Amino acid sequence: MQSKGAIKFFAIVLTLVCIYQLSFTVVTKNVESTAKEATGNDTKAYQAYLDSISGTGVYNLLVKNYTYQECKERELNLGLDLKGGMNVTLEVSVVDLIRSMANNSTDPTFTQALDKASQLQRNSQEDYVTLFGRAFSDIDPNARLAAIFATIELQDRVNFNSTNEEVIAVIRDEANAAIDRTFNILRTRIDKFGVTQPNIQQLGSGRILVELPGVKEPERVRKLLQGTARLEFWETWNNDDEMFGYLNSVNELLRAETKAGSKDSLLDALSDSTVTASDESSEADLLAQIQDASQEQTEEEVKDSSESASSLIDQIAGDSAVKDTASQTFEQFAEENPLFALLSPAIFQNAQGQSEYRQGPVVGYSLIKDTLKVNAILARREVKALLPRNVKFLWGVKPPTPESKALELIAIMTNGRDNTPPLDGGAIADARQDFGQFNGKPEITMRMNPEGANTWKRLTAENVGKSVAIVLDESVYSFPTVQGEIAGGNSNITGNFEINEAKDLANILKAGKLPAPARIVEEAVVGPSLGKEAINSGLISFVIALILVLIFMVFYYNNAGLAADLALFANVFFIFGVLASLGAVLTLPGIAGIVLTLGMAVDANILIYERIREELRAGKGLRLAVSDGYKAAYSSIIDANVTTLLTGVVLYIFGSGPIQGFATTLIIGILTSLFSAIFLSRLYLEWRLEKNKNVAFASRLTENLFTNINIDWISKRKIYYAISGTIIAIGIASIIVRGFSLGVDFKGGRSYVVRFDQPVSTTDVRNQLTDEFEAAPEVKTFGTSNQVKVTTSYLIDDNSEDADQRVESLLVSGLDINADQIMSSQKVGPTIADDIKVSATWSVLFSMCVIFIYILIRFRKWTYGLGALVALAHDTLIILSLFSIFWGILPFSLEIDQAFIAAILTVMGYSVNDTVVVFDRVREFLGIHHKSEMKKVINNALNATLSRTVNTSLTIFFVLLAIFVFGGEVIRGFSFALLMGIIVGTYSSLCIATPVVVDFTKRDDQESK
């Protein structure tokens, strides 16, 4: 073997690099093991211990003494599915950015274009700005964007003479800049969040991927990522006769509409709030809570009620409206007072029985579930006409007391022209979490820059005795009463904060506001216990697969099998070392990729050993047979692995998350297995030969297997066509009639894996959640009988920040479980679901094209490329058919999702690997026996490769069987697709691909004559 010294040198260097990189993982595990022993089962103490030594040196090498934190950053990364955590894809809301650039224009063409572009985006791969420009032109070809975007802020870039194309270019530049700023701001927020080994990257199309290993508070993360941090300081109205008069005029308008039977009447909407005597959360309880809260928070000063509204005020402030909580009483009150049935004014009765207004800017209270209805009322044009131009209403961020179920409505005083506050978050120079001086509760302390400090000084001087509202993302956090002018630029935000909540809010303010809202369009949460189970199942499947392969190689190839086993161990070691070196993430599908690589690595040794056995049967000496066997096998090995490598590259480009993890390990595994199988195994064999030690390539049981096979494959091709055609026809019929069980990432929605203490019925679970989700969710047993997977599309189009938490709360309350029983969750918005489907389709088609082109180049005949393409289509259709026929019948999930697409592409890679080996032998035989009958030569070539084909297929089959049985429920459908794919791929390489080449070669020869 040439360049033996260079190969040894490279192997030694690679080994040392892998040892160095993996040593950090060993060190961190030892440190963490020591921490567990020191702290027992106390999670907080364990984390505190690790935090205390994060900067302490724990690994002293000659060049440097690495701290625990530095070792942690260099250890082998585990994916979220192996250690728990959260994977989030955010999409920057370009529609909100465009609205902001246009100063919230109400131009009809503009608003219609935004709505139309949002609809088009669901089924389009084009960016939002392009869709908006097209929609604007379609709605009104003569309309000019310059008339909308020629604002003061854009005056240096857009004027009244700018064309629509020029304005669109400006919008696109602003959108791209906003996406970049959003990415940087989110990265700053995440860095301050304190998660080890976070990952954040831009995905294109305004999307940002965030991976946070080990997080246990998904709702906290959602708030951290989605909050735009638009901080504003506003002057406020006072709750008095004047403000109540405005609200009462709205109430009278709604009353008149109700009695007139107007279509805009809100009486139907109020029916949701109708209570009965048996209702646990009655309206009476709510009003009592509101009155108690009002009385506790109202100052001593009393406001006399106005004459015109005194009767209604007394009715609301007293208890006459709530003494009888029967449905009829509340309906009568709602009919007379449509607004006040939803919004209870901030009025109460004092100890003397007199009605008083609550002092400050709070003008009313509403049940949390009714706030949207109140917003709808206040947004109506005819209602706005009754209100002052310089008033807007905002809700408090949370109920005033932990027991309350109502939010406060605060009256904000604007300038009447635009929505610009006197002071905003741009003035904040620093923010930190602190504790109140008098009550000791968590709060946020802010320090302003000089310009902000001057504005704050003026604002407080002008509002002594009044309230200034501190607003973040359109929610009022606090509205302190100004006692005097505040100089120095310091201020506090107070509220019912938890410590972590205050810390997160301070971090958000310090990092800066997002230029546009970022909404979660895809999310996956894996609980830590499920992550541990995934590690255990992954390791079990890996060890069993490894043992099976090791035993098989020694059984079939005698002591030469030891060389393959040593190469296999080296290959696994190199894979983990390279993963650690690259900082790549090891996921559960990644473990499956490594296990699959074991089988494919053995294929190279099988190809070599079968060639060596042929050379020995031809009478050559052992040394010459080894040398010629390696040379003869090179072509097939390279071709087979390159095609699989191309499939892995396509998977990496088009996949995301765990699928990329699978592709990464597959690509690394193919490269390291080539080096191990071709070079390291040969070094070992030549070392034994140099030492005059015996090397045997077969045992007594396997020596003559497959040596006298004479199957007439080509003559039976019509039978094979008929068998395949029948299965595919049945499958297509099933696809038309039954369809597929689509995963969340293909149809959009939310899915939750829930574990119960006892076995449960999927029907019972579905019935329990039907009312909660307003439609029956899809419920399937997931693994054991006490675990189910719930899928729903409820609120999937709701982009509000609390939508995820609301759905999860309904799931918890509907099933009467603890939040800890939700083992994992996934969310995919409709837009990204469409993108995933398109991406999956293109990945399959692109893989086929790449493989066809490669085979065309290598074999220089289009018929070979066509044969491989037909075999790939055949394999894909049969796997699709099986998933359509058997979903709902087999006791495990057969969903069509991203993992299934990865399985299809992997099957394609294996199938073409097998096909190329066969083609390579056919080409070789045709070159040697070019005068013989083509049919006979091809049959001989197929029979010659049968030993390799069967051995490789059996090896990989048993490897995949180990994954299927022991790999866990998460990848069972994935491994089933691979398992069936190996069977179908082996069949197609022998019975479909080569016969197609024969048929079309005959036809091509006839046409050329």
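**Group meeting: helix contacts, salt bridges and cores**

Colleagues, I begin with a helix contact, in which Val95, Ile98 and Arg99 of helix H5 meet Phe110, Leu114, Asp115 and Ser118 of helix H6. By class, this contact of H5 with H6 comprises four nonpolar residues, one polar residue and two charged residues. Please bear in mind throughout that the model is predicted.

How are two packed helices described? They are described by the angle between their axes and by the distance between those axes. Helix H5 covers residues 94-101 and helix H6 covers residues 108-121; their axes come within 11 Å and cross at roughly 170 degrees. Angles over 145 degrees count as roughly antiparallel, and H5 and H6 are therefore roughly antiparallel to each other.

The loop between H5 and H6 deserves a word. Asn103 is found in this loop, and its phi is near 55 degrees, a positive value in a residue other than glycine. Asn104 has its place in the loop between H5 and H6 as well; although Asn104 is not a glycine, it has a positive phi of about 55 degrees. Are these residues buried, partly exposed or exposed? Asn103, at 45% relative accessibility, counts as partly exposed, whereas Asn104, with a relative accessible area of 52%, is exposed.

I turn now to the salt bridges. How many salt bridges does a search of the whole structure find? The search finds 39. I shall present several of them.

In the pair formed by Arg380 and Glu382, the closest N and O atoms are 2.5 Å apart. Arg380 is buried, its relative accessible area being 13%, while Glu382 counts as partly exposed at 33% relative accessibility.

Next, the side chains of Arg717 and Asp999 meet in a salt bridge, at 2.8 Å from N to O. Arg717 lies in helix H25 (residues 717-737) and Asp999 in helix H33 (residues 972-1008), so this pair ties together parts that are 282 residues apart in sequence.

Arg921 counts as buried at 7% relative accessibility, whereas Glu924, at 28%, counts as partly exposed.

What does Arg921 touch, not counting residues up to four places away in sequence? The list is Arg611, Glu614, Ala941, Ala944 and Thr945.

As general background, nonpolar side chains in soluble globular proteins tend to be buried together. In this model, the largest nonpolar core has 122 residues, and Met553 and Tyr609 are those with the most contacts inside it. Which helix gives the most to this core? H31 does, with 16 residues.

Let me stay with Tyr609 for a moment. Leaving aside neighbours within four places in sequence, Tyr609 is in contact with Met553, Tyr557, Ala560, Gly561, Ala563, Ala564, Leu685 and Phe697. A second, separate core has 50 residues, including Val94, Leu114, Phe136 and Val215. Leu114 takes us back to the opening of this talk, as it is one of the H6 residues that meet H5.

Thr445 has its place in strand S16, residues 442-448. Is Thr445 buried or exposed? At 16% relative accessibility, Thr445 counts as buried. Residues up to four places away in sequence aside, Thr445 touches Asp430, Ala431, Arg432, Asp434, Ser491 and Asn492.

Thank you for your attention.

Notes. Residues numbered from 1 in each chain as written. Predicted model: local features only at pLDDT ≥ 70, side-chain atom pairs only at ≥ 80, totals over all residues. Heavy atoms only, no water. Axes fitted to C-alpha atoms, helices over the stretch in contact; angles between N-to-C directions. Helix = DSSP H or I, 4+ residues; strand = E, 2+ residues; numbered from the N terminus. Parallel < 35°, antiparallel > 145°, perpendicular 65-115°, else oblique. Contact = heavy atoms within 4.5 Å. Nonpolar A, V, L, I, M, F, W, Y, C, P; charged D, E, K, R; others polar. Salt bridge = Lys/Arg side-chain N within 4 Å of Asp/Glu carboxyl O. Buried < 20%, exposed > 50% of the residue type's maximum accessible area, 1.4 Å probe, protein only. Core = buried A, V, L, I, M, F, W, Y, C linked by side-chain atoms within 4.5 Å.
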